[in-house]
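Hello,

Here is the structure I promised to pass on. Please open it first, then read my notes below.

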Amino acid sequence: MGEAIVITSGKGGVGKTTTTANIGTSLALLGKKVCLIDTDIGLRNLDVIMGLENRIIYDLVDVAHNRCKLHQALIKDKRFECLYLLPAAQTKDKSAVVPEQMKRIVTELKQDYDYVIIDCPAGIEQGFKNAIAGADKSIVVTNPETSSVRDADRIIGLLEQEDIEPPKLIVNRLKAHMMENGDSLDVDEIVSILAIELLGIVVDDELVIRASNRGEPIALNPDTKASQAYRNIARRILGESVPLMSLEQDKGLFKKVKQFFGIRS
Amino acid sequence: MAQKQKQANNHYVTIKGTKEGLILNLDDNCTFEQLLSELETKLIHPSENQGSDGPKIPVNVRVGKRYLTEQQEELLRKIIYQKKNLLVDVIESEVITKEEAEFLKKENEVTSVNRMIRSGQILKVQGDLLLIGDVNPGGYVAATGNIFVMGALKGIAHAGCEGRSSAVVAASVMIPSLVRIADQMFQDEEDEQEYSGGCAFLDEENDEIKLDSLHILHQIRPGLNRL
């Protein structure tokens with residue numbers, strides 16, 4: 001029996017779907033059997049980022065209404081035997097599914113998979129309630145921005161009322177130089193405001209966007225820092241204690257860059 | 001036998017004069033109607049001796065262990081006011097209803113809560129609030145009494161939310177987005193000065209909320225000590 005993890009943030013555009021795709025891919029790389037569920041009905045993206053858009057035949061709403069068998073709607077990943085996706089419907093809206101149906105689907109999936117990763121839509125309405133219905137654990141994604149942290153705080157408050165383990169935090173799109181200058185929130189500051197366990201920090205990288213556009217999660221490319229961060233997060237989910245990628249390293253890199261410019265000018 | 005005499009002599013109402021005014025002792029062992037009729041007679045007779053156009057005399061009415069309903073209180077006030085140049089200052093009763101007692105008890109209690117108040121969450125208590133945790137931006141705590149936050153107050157705090165203007169807000173880290181005390185409010189917009197160990201209180205002179213460091217609080221609100 002596997003476990004279901006919901007990935008949520010409250011605010012839109014912080015990188016929930018990218019995080020879901022990359023954590024799923026990283027867990028699959030580590031040999032786990034993983035199923036991703038996109039619950040963003042009406043605005044589905046996870047299939048695009050996974051590069052599986054053109055393989056969708058049935059979707060979450062069809063399964064919820066018993067129009068097809070669960071295994072018929074699951075799409076096998078191109079690259080991994082052990083990675084599957086349950087896509088959302090694009091033509092309906094969030095109210096097409098109710099929490100009870102989600103619970104049933106997630107429970108069924110947990111029988112066959114080690115990890116069920118649920119991609120939550122933005123907001124705190126029906127879509128959010130659906131997404132957290134079957135979850136055992138939760139991960140809150142935030143950006144180092146005040147508005148995003150505010151929303152994450154709200155979401156954590158809502159998650160604490162549910163029958164879910166205390167949520168864990170991923171700080172996404174961290175810009176080291178902005179944090180250095182005090183132009184964006186500090187990771188320590190974010191953790192002290194939200195007061196939950198930090199699961200990982202993902203630095204901002206244009207390569208992540210490029211990879212998403214190509215339908216290949218960045219986690220597949222081991223050379224980038226973002227990819228390393230996602231793989232570390234996956235290992236932490238498995239229970240390994242992996243130290244946080246030191247930000248001093250970033251500092252070193254930043255100093256090097258500054259030095260580089262210093263020499264040039 | 002004694003009771004009969006008492007009834008005959010109408011001794012349920014006794015009047016005592018002091019420097020501050022009159023004290024009306026109303027016996028609590030008779031019916032309310034008996035009291036009323038005796039009051040009427042007693043208050044009329046002396047008025048014939050004194051002039052009725054003197055200054056108004058405050059009256060302290062003591063009803064002993066008798067519980068008066070609001071209507072009864074109103075009736076008493078009316079009778080005393082009509083009869084002479086008397087003005088009821090207070091009506092003192094030694095008994096209160098269970099409801100009132102519980103309300104008073106709660107009003108003086110400190111409710112301790114150990115959790116974080118996150119954005120969008122509301123915590124409202126009767127009496128004083130002792131919060132062991134932070135109030136995050138967007139969070140709201142309110143109390144009919146004082147608010148003490150053991151962590152950082154970054155959200156909204158409303159002390160004395162039912163009008164008690166002597167209420168205070170105190171926090172280990174005071175960076176509130178809004179402080180309200182009774183019907184006044186305070187927004188720190190100019191300088192975001194951070195008080196480690198700060199308090200907010202209502203300054204009666206200017207009728208505005210002031211933020212200051214904690215150690216001046218004992219001078220301003222000595223009533224906070226409950227030793």
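**Helix α11 of chain A**

Several residues of α11(A) are buried: K225(A), A226(A), S227(A), A229(A), Y230(A), R231(A), N232(A), I233(A), A234(A) and I237(A). Buried means that 20 or more other C-beta atoms, placed from the backbone, lie within 10 Å of the residue's own; 12 or fewer is exposed, and in between is partly exposed. Helices (H or I, at least four residues) and strands (E, at least two) are DSSP runs, numbered from the N terminus.

This is a predicted model: local features need pLDDT of at least 70, side-chain atom pairs need 80 or more, and totals for chains, interfaces and linings use all residues. Residues are numbered from 1 along each chain as its sequence is written, while chains are lettered from A and ligands numbered from 1 in the order written.

Ten of the 13 residues of α11(A) are buried, so the rest of the structure largely encloses this helix. Its cover includes α1, β7, β8 and α10 of chain A. Just after α11(A), G239(A) has a positive phi of about 105°.

**Where the chains touch**

How many residues does each chain bring to the contact? Chain A brings seven and chain B eight. Contact means C-beta atoms, placed from the backbone, within 7 Å. On the chain A side, helix α7 (residues 146–160) gives the most, with five residues.

**Confidence**

Chain B averages a pLDDT of 83, and 85% of its residues score at least 70. pLDDT is the predictor's confidence in each residue, from 0 to 100. The complex gets an ipTM of 0.77 and a pTM of 0.78.

Best wishes

Conventions. Contact = placed C-beta atoms within 7 Å.
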